[in-house]
Amino acid sequence: MEIANTTYDRLTPRDFISLRIYHEKFENIKKSLKEILFTDKVDNLMTDLNFLKYAFKADLDAAYEFGLIGGHQILLKLLMKYNDYEEILSPLGDVIEACTSSCLQFPIKSSTTIKFEERRVPLKIMLDTGNINNFGNSDDRKNSSSKKKEILLRTIPKDINEIASSNKANLTVGYYLWDASIAMAYWLVKNSIFFKNKKVLEIGCGAGLVGIVAASYASRVYMCDFNLKIIENVSYNIKLNSKKAHSNNKKQYNCCCVNDDMQVKGVAFDWETVDFSIYKKDGLKKESMDVILGADVICQESDCYNIARVLKYYLTKDTGVAYFLHGTEEHRFGVEKFATAMQSEGFNVVNMDDVINENGEYQTFIASNRHFNSRPLDKYKMFKVTS
Ligand SMILES: C[S@@+](CC[C@H](N)C(=O)[O-])C[C@H]1O[C@@H](n2cnc3c(N)ncnc32)[C@H](O)[C@@H]1O
């Protein structure tokens, strides 16, 4: 029996995953998987083995997803069925090896030379800028009507130790991309005027979508989080979306969002210790910000008061504005206290829920940008806070 073509051999993992055909083919395999599972037509997967081998080596999520939807059962069936055929066992062995080294669902984990985080393919967020040039760059202005902007975002896979240690859950929430960020990025593009040449601070930035989009308008952006792994990843994402990084690569990605990556910075910062006692060396210095942003940053009541302290410390007196987009109390503790907590700390609060919940526009946008490893919320709350 013939095993699929070997043209993938000539590609590096990075080139392989950027092939459009890769995403389409993987989607088709996933679709046919159900049928294969229920009808036992396991042979149907044979021609895709070589493809899967490369997919799993290059893309952590693909292997994980394949395992979650039961793909490994088919591989095991194939293994049993063809255990006499050397020419099949060998590629099958390769696929299983690639799969087991990536997929936490599999019982065996083999070692790999590629760094764990590096095997996660960045998500693509499509920001349709329509007829308005929202991205401030002069060359965008010429082509603005036809362009959809892609933001590339690598999220962080949890390693096995982090999964095992539940008391660290809070430390790893920023490993995902949450719906609130997607909604806030969309709102930001529609209201880019508020960010033009401003100094912006994003707190609890996670994967960094909001800050990276803000960086296409603002004069300076600081993206903060309290987990150093998140900051390392955000620094990677800033580069991934910089004009510089894609200057030779415009055909593949239209994501030159960050004009100058020196103007955007990931900074370690814990809102429970605004006095910088933890991150003295690289911490955020006292600097007054024109705009402060937070997407899905309230997970408990104390966050409201801690964030009020951040505003007191960093928001420019009288002219500074902060925007927060939260989940609702169905999903998050403490959000119902946000407005009163801010008011009790002397801030003015304007409810902007209608902006994001009216006429379903935001929901449609969020739904079309959800990914396998992004995290859904159903409804949103949005506030503008001023001193
Ligand atoms: C639910 S996630 C939202 C992440 C991102 N804004 C998004 O919407 O995708 C909450 C974020 O707040 C960060 N965070 C939680 N507690 C924090 C603290 N005390 N100081 C700074 N960041 C914190 C987490 O690391 C995480 O990135």
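**Exercise 1. Work out the strand order of the open sheet of 7 strands, and say which strands stand at its edges.**

Step 1. Before tracing, note that this is a predicted model, in which local features need pLDDT of at least 70, side-chain atom pairs count only at pLDDT 80 or more, and totals for chains, interfaces and linings use all residues. Residue numbers start from 1 along each chain as its sequence is written.

Step 2. Find the strands: helices (H or I, at least four residues) and strands (E, at least two) are DSSP runs, numbered from the N terminus. The chain has 16 helices and 11 strands.

Step 3. Follow the pairing, where two strands pair if DSSP finds at least two bridges between them. The order comes out as β6-β5-β4-β7-β8-β11-β9, and the pairing is mixed.

Step 4. At the edges stand β6 (264-268) and β9 (348-351); each has a single partner strand, so one side of each lacks a neighbour in the sheet. From one strand to the next, the twist averages 20°.

**Exercise 2. Describe how β5 is joined to β6, and find the helix that lies across them.**

Step 1. Strand β5 (residues 220-225) runs parallel to β6, and 5 bridges join them. One of the residues to check is Met223, whose bridge partner in β6 is Gly266.

Step 2. Helix α12 (residues 228-240) lies across β5 and β6, at about 175° to β6. For this angle, axes are lines fitted to C-alpha atoms, for helices over the stretch in contact (two residues are in contact if their C-beta atoms, placed from the backbone, lie within 7 Å), and angles run from 0 to 180 degrees between N-to-C directions.

**Exercise 3. Decide whether Ile292 is buried or exposed, and list what it touches.**

Step 1. Locate Ile292 in strand β7 (residues 291-295).

Step 2. Apply the cut-offs: a residue is buried if 20 or more other C-beta atoms lie within 10 Å of its own, exposed if 12 or fewer, and partly exposed in between, with C-beta atoms placed from the backbone. Ile292 has 24 other C-beta atoms within 10 Å, so it is buried.

Step 3. Leaving out residues up to four places away in sequence, Ile292 touches Leu201, Ile203, Leu311, Tyr314, Leu315 and Ala322. The C-alpha atoms of Ile292 and Val321 are 6.5 Å apart, although 29 residues separate the two along the chain.

**Exercise 4. Which residues touch the most other members of the largest nonpolar core?**

Step 1. A nonpolar core is a set of buried Ala, Val, Leu, Ile, Met, Phe, Trp, Tyr and Cys residues joined through C-beta atoms within 7 Å.

Step 2. Among its 76 residues, Ala183, Ala185, Leu209 and Ala214 touch the most other members. Helix α10 gives the most to this core, with 9 residues.

Step 3. Beyond its neighbours within four places in sequence, Ala183 is in contact with Leu325, Ile356, Tyr362, Ile366 and Tyr380. A second, separate core of 19 residues includes Leu52, Ala55, Ala63 and Val95.

**Exercise 5. Look at Asn197 and Asp318: where does each lie, and is it buried or exposed?**

Step 1. Asn197 lies in the loop between α10 and β4 (199-203), and its phi is positive, near 55°. With 10 other C-beta atoms within 10 Å, Asn197 is exposed.

Step 2. Asp318 lies in the loop between α13 (301-314) and β8 (321-326), with a positive phi near 70°. Asp318 has 7 other C-beta atoms within 10 Å, so it is exposed.
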